Amino acid sequence: MGLLAGKKALIFGVANNKSIAYAIAKKFKEEGAELGFTYAGDALKRRVEPISEELGGKFCVKCDVTNEDELQSTFEVVEKEFGKFDILVHSIAFAPAEDLKGRFIDTSKEGFLKAMEISAYSLVRLAKLSEPLMNEGGSIVTMTYYGSVKVVKNYNLMGVAKAALESSMRYLANDLGEKKIRINAISAGPIKTLAASGIAGFRTILSLIEERAPLKRNVTQEDVAKAALFLCSDMASGVTGDILYVDSGYNILG
Ligand code: 0WD
């Protein structure tokens, strides 16, 4: 029997089959979970619907996390289709391309607020909407990156948004603990996905990891999916408010 047999998982952040959320959903399905999907906008519908079909998704609904009406209607569908559920995957981020290069000091107010809303506040909002529908023993996982704690060239505004995300995750862990709901983050090493293609000099970062990280290789979506499986399964029953680095060990280097 799979580690997630009988569990229901709601997945945010599939854009295509390179997305980290896709690998996580696939792994969860293999381990017996039932899945529900959302997609950010009409342009992604034709990519995410076939993925939902492939993985036997119970539903696949449009949900731009900046749109309160769509958030409300999504959770109405979740309640109707799932009743209660067990796992929330938050694998969402956005910052304007012009704020992911050059000097951080030049970040626009508009870009800053947008990045914070989509990349950090959305976790708080999704946790709030999930709380009444989550079973005891439920688990939330979000995706972060090392640029939150160290200055990484060009990561700029997204680093600041990830710092807010990580801190939000810890405060949410404290709030949700009494309901026996756990929440953790995975700090993934760089992986070539749609979101990563927006970061200037991404190839250089990939080469640096191969050269310097203890495991001398870049991580894959599958590496991250296995860590997500651990955090969302009963194997991690005592773990909450934590950040699990899945980065070939790069973060330990001085
Ligand atoms: O190197 C990497 N790829 C890393 C990614 C290293 C460490 C962390 N991460 C994080 C990202 O910051 C993000 O939080 O992992 C998460 C998933 O990213 P991904 O799988 O690398 O990228 P992608 O496949 O592009 O998925 C991110 C998705 C969006 O895709 P696009 O590319 O269309 O922006 O986030 C979703 C959307 O599906 N998203 C939204 N969802 C709902 N409402 C919104 C929104 N407003 N905006 C973006």
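So, pLDDT first: that's the predictor's confidence in each residue, from 0 to 100. In this model the protein chain averages a pLDDT of 97, and 100% of the residues score at least 70. ipTM is 0.98 and pTM is 0.98.

Two bits of housekeeping. This is a predicted model, where local features need pLDDT of at least 70 and side-chain atom pairs count only at pLDDT 80 or more, while totals for chains, interfaces and linings use all residues. Residues are numbered from 1 along each chain as its sequence is written.

Okay, the ligand. It has 25 residues around it, the closest being Ser 19, Ala 93, Met 143, Thr 193 and Ala 195; a residue is near if its C-beta atom, placed from the backbone, lies within 6 Å. By class, that shell has 18 nonpolar residues, six polar and one charged. Nonpolar here is Ala, Val, Leu, Ile, Met, Phe, Trp, Tyr, Cys and Pro; charged is Asp, Glu, Lys and Arg; the others, Gly among them, are polar. Both α1 (20–30) and β5 (134–144) supply at least two shell residues each. Those labels are DSSP runs numbered from the N terminus: helices are H or I, at least four residues, and strands are E, at least two.

Now look at helix α4 (residues 109–130) and helix α5 (residues 156–176). They pack at an angle of about 20°, axes 9 Å apart. Axes are lines fitted to C-alpha atoms, for helices over the stretch in contact, and angles run from 0 to 180 degrees between N-to-C directions. So α4 and α5 are roughly parallel, the word for angles under 35 degrees.

Definitions and conventions
Parallel < 35°, antiparallel > 145°, perpendicular 65-115°, else oblique.
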